[in-house]
Amino acid sequence: VGQFNPLFTHQAFFVPGVGDEPRKHEELIVGYESPKVEIVLAANTMKPYLEFKHEGQVEVKLLKKEKLSRTNVLKSIEDRVQCDYTSKIADVHDEVEQPFTPLGKMVQEEASTEQEGVSFRVYHFVANETESVTFVKRLQTMAIWLIETGNAIEIPDDKWNVFTLYKVIQKNG
């Protein structure tokens, strides 16, 4: 779960032409008191839940005085970090409960040298079919959120070889 406080800036909230000086408020959430963006991803399928919360809106007259306009947070995210978001956390919980098989073919497995019963597996697939495209679109949202200049790749495309790494913990019994 990531919560972005009011001072957090991010490319998802780019608002061109806002403010007295160029680019002054381009990556801020403007017009809300204590804004929070909550993103939860299902660990198996990366199904994303998205919610925007705040403790109140700044009065329009105060925004106009500062030559600002309120950020349409959900639209900004959906336009710039495109994915099949759900607004119901139960959808993500349901997704996690489903049996999971990694996409693609396992190409390597290594046992942990530090923990017994733990191994790491690398899987490979090409991002050219519906299931793999959906997974990659979900996965790459993390790059956009966590890397300052992160971008999405254009898919489907037979040229994108995707490798995923999984930590496997053997359960006793």
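Colleague: Is isoleucine 147 buried, partly exposed or exposed?
Modeller: The model is predicted, so local features need pLDDT of at least 70 and side-chain atom pairs count only at pLDDT 80 or more, while totals for chains, interfaces and linings use all residues. Residues are numbered from 1 along each chain as its sequence is written, and side-chain values use heavy atoms, with hydrogens and water left out. Buried means under 20% relative accessible area, exposed over 50%, and partly exposed in between (1.4 Å probe, protein chains only). At 47% relative accessibility, isoleucine 147 is therefore partly exposed.

Colleague: Where is isoleucine 147 found?
Modeller: Helices (H or I, at least four residues) and strands (E, at least two) are DSSP runs, numbered from the N terminus. Isoleucine 147 is found in the loop between helix H4 (130-146) and strand S6 (161-169).

Colleague: Which peptide bond is cis, with omega near 10°?
Modeller: One of its two residues, proline 156, is found in the loop between H4 and S6. The cis bond runs from isoleucine 155 to proline 156.

Colleague: Is methionine 46 buried or exposed?
Modeller: Methionine 46 lies in the loop between strand S2 (36-41) and strand S3 (48-53). It has a positive phi of about 65° although it is not a glycine. Because its relative accessible area is 8%, methionine 46 is buried.

Colleague: And lysine 67, buried or exposed?
Modeller: Lysine 67 has a positive phi of about 55° although it is not a glycine. Its place is in the loop between helix H1 (60-65) and helix H2 (73-80). With a relative accessible area of 58%, lysine 67 is exposed.

Colleague: How many bridges join S5 to S6?
Modeller: Strand S5 (residues 118-126) and S6 run antiparallel. Within this pairing, tyrosine 123 stands opposite threonine 164 in S6. The number of bridges joining S5 to S6 is nine.

Colleague: Which side chains of S6 point to one face and are buried?
Modeller: The side chains alternate along S6.

Colleague: How many residues has the largest nonpolar core?
Modeller: A nonpolar core is a set of buried Ala, Val, Leu, Ile, Met, Phe, Trp, Tyr and Cys residues joined through side-chain atoms within 4.5 Å. Among the residues of the largest one are Ile29, Leu50, Phe52, Ile77 and Trp145. The elements that give two or more residues to this core are S2, S3, H2 and H4. The largest core has 12 residues.

Colleague: How many residues has the other core, the one with Met46?
Modeller: That core lies apart from the largest one, and it includes Tyr123, Val136 and Val162 as well as Met46. Its count is 11 residues.

Terms used:
Pairing = 2+ DSSP bridges.
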